[in-house]
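Work through the exercises below with the sequence and the structure in view. Each task is followed by a solution in steps.

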Number of protein chains: 2
Amino acid sequence: MTGPIDTPLGPGKEFDRIRAMAARWGARARGLGDDCAFLEAGGERLAISLDLSVEGVHFTREWLAPAEIGYRAAAAALSDLAAVAAEPVALLLGLAVPAGESDDTVSQLADGVADAAADCGATIIGGDLSRGPGIVIDCCVIGRAAAEVRRRGARPGDRIVVTGALGGPLAALLMWRAGREPAPAARERFARPASRHAAARFLALHRARAMIDVSDGLAGDLRHLLTASGVGATLEVERIPVLPDAAKLAARLKEQPWSFAARSGEEYELLAAVPPEEADAVVAGCPVPATIVGTVEAEPGLRAVERGAAVRLADGFDHFGTP
Amino acid sequence: MTGPIDTPLGPGKEFDRIRAMAARWGARARGLGDDCAFLEAGGERLAISLDLSVEGVHFTREWLAPAEIGYRAAAAALSDLAAVAAEPVALLLGLAVPAGESDDTVSQLADGVADAAADCGATIIGGDLSRGPGIVIDCCVIGRAAAEVRRRGARPGDRIVVTGALGGPLAALLMWRAGREPAPAARERFARPASRHAAARFLALHRARAMIDVSDGLAGDLRHLLTASGVGATLEVERIPVLPDAAKLAARLKEQPWSFAARSGEEYELLAAVPPEEADAVVAGCPVPATIVGTVEAEPGLRAVERGAAVRLADGFDHFGTP
């Protein structure tokens, strides 16, 4: 390792800022660029991640109830542990709320966080409470990392696997932005992201060589994984699993369902590169639906094909509120 | 341990909210109430704490340069490790900044955080970057805790020790609020809190039985320590070490210097209960000035005396911006 960034980052303004910070930090930082930081303690390897959820950036109160806001914030943070196949252990909650906020709202936010933690076996062990200009939820999560699965490590020939069905969070966002209520299944995918921890450990057991959770969209996060691994891939877009309500909305918007699904962010599904000889076993045995969507190749770059014909893939999800 | 709160908390609205959360969390939380959470990993004990610094609540840009804002936020978080005599190892930085924020400001904030971490031997290992309505800095800090020094554990007869000289942060705040520039020494105590990690380990070696860092003011934090330990104390107010610039300002405000110093918060000095037989060695050998300011007693409550005569002690620091 020559600098503080351990895993190469792709393009983008947020990554540019992280690169600029890392360049200034030099030896004052290390191991940056993955979904989690790793820390050795007494011969055990811990995975640690910190995730901010900011009112007006990641959510608004018009869309979600306080318990859902808390659940989603914690689930997003815990998903970083799944991305490295670490077993969730503990969570620390930093919570800022406006001065006049009701005790009831604070309790419900806290309840949602605790539910998400309990759903994957983590316990709340501490935190901090402050006034703030809006709700800010900061979750620091800690897990035990038996395997070492990171963003980098994919090799040519590996099959690309994604869990679940995509498009729900984008469908929910677009409906809310249009002033309408999303379809229940799409809303649920946004408000209460499913835990993928069991699937993560299953994928690690099946020798997943690289893994990431889908927060910037399948296309965006696949690019991150490929950049980190120094490889490329072909994505067979007709294989991308699409949530039925998302496919319906895509059709209404005259967009290909696979395109819609590939740019939907904050999915918190897993995207992994698995050795080709494990692909069948992964699809057959994964505790949640798992779909092969493409193949890793030596040539850098992401190529999208629909039944063999090249198609254009939109850029990654731009996150709600990001300019 | 019967509930999620491990160390009893004193009165106050923030503590009321934490108690309410903890009651709801039940078995979904554990070990709350101390300056750090503790986590066992492979036979090692880690101390972990998370601390929010929010623009307009903990600082304003009119008072501090971005690098100072970053330094102070990280120093405040790292101080929680000192409070339990843990050796700083790592820091994760959550940083939210407004949409139009300059790269220069972001870099300077990040520099300040890295300087504070480096000053006590911690390395930045990860974090998260987000848009936000104002600057929010969230530092999660991790240390190795060889000794186990907590808020609770003080016994009757123990001497109460405080490091450094108090009053600087309050003096700086009052001057800024009055639209004036603080005296340099007072400003420095607010902008760049000194690291007390070496002193913390020294106090632990000298069998400190209970310890806390002074964030709510000497009077407030001593009450926290006494409540957590189920004991009381007499504070000899004339012994309280006062920063000369704070004493000058107190005199101008017609306030007793000790009273001013005892209500000054965000000092990040250490307050500890040490066995009486260690008191002389602590004062003589502590790597930073250490002063005996009182004695722990079995009778609950905090009694203040000035040369033997009872005096009234103001309540703890109310934090800038807290209503």
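**Exercise 1.** In which sense do β11(A) and strand β12 (residues 309-311) of chain A pair, and over how many bridges?

Solution. This is a predicted model, in which local features need pLDDT of at least 70, side-chain atom pairs count only at pLDDT 80 or more, and totals for chains, interfaces and linings use all residues. Residues are numbered from 1 along each chain as its sequence is written, and chains are lettered from A and ligands numbered from 1 in the order in which they are written.

Step 1. Strands (E, at least two residues) and helices (H or I, at least four) are DSSP runs numbered from the N terminus; two strands pair if DSSP finds at least two bridges between them.

Step 2. β11(A) and β12(A) are antiparallel, with three bridges. Glu306(A) is opposite Ala309(A) of β12(A).

Step 3. Two residues lie between the strands of this hairpin, and Arg307(A) has a positive phi near 50° there.

**Exercise 2.** Find the order of the strands in the open sheet of seven strands in chain A.

Solution. Step 1. The order is β7-β9-β6-β10-β8-β11-β12, and the pairing is mixed.

Step 2. β7 and β12 of chain A are the edges; each has a single partner strand, so one side of each lacks a neighbour in the sheet. From one strand to the next the twist averages 30°.

Step 3. Inside the sheet, β8(A) pairs with β11(A) in the parallel sense over five bridges, and Leu235(A) has Ala304(A) of β11(A) as its bridge partner. β6(A) and strand β10 (residues 290-297) of chain A run antiparallel and are joined by five bridges; there Thr163(A) stands opposite Ala290(A).

**Exercise 3.** Which strands of chain A do helix α2 (residues 66-83) and helix α6 (residues 197-205) lie across?

Solution. Step 1. Angles run from 0 to 180 degrees between N-to-C directions, with axes fitted as lines to C-alpha atoms, for helices over the stretch in contact. Residues are in contact if their C-beta atoms, placed from the backbone, lie within 7 Å.

Step 2. α2(A) lies across β7 and β9 of chain A, at about 170° to β7(A).

Step 3. α6(A) lies across β6, β7 and β9 of chain A, at about 10° to β9(A).

**Exercise 4.** Check the span of helix α7 (residues 218-229) of chain A, then state how many of its residues are buried.

Solution. Step 1. The expected span is 1.5 Å times one less than the number of residues. For the 12 residues of α7(A) this gives 16 Å, and the end C-alpha atoms are 16 Å apart, so the two agree.

Step 2. A residue is buried if 20 or more other C-beta atoms lie within 10 Å of its own, exposed if 12 or fewer, and partly exposed in between. By this rule 12 of the 12 residues of α7(A) are buried, Arg223(A) and His224(A) among them.

Step 3. The cover of these buried residues includes β6, β7, β8, α9, β9 and β11 of chain A. After α7(A) comes Gly230(A), with a positive phi near 70°.

**Exercise 5.** How many residues of chain A are in contact with chain B, and which element supplies the largest share?

Solution. Step 1. 60 residues of chain A are in contact with 60 residues of chain B.

Step 2. β4(A) supplies the largest share of the chain A side, nine residues.

Note on methods: Two residues are in contact if their C-beta atoms, placed from the backbone, lie within 7 Å.
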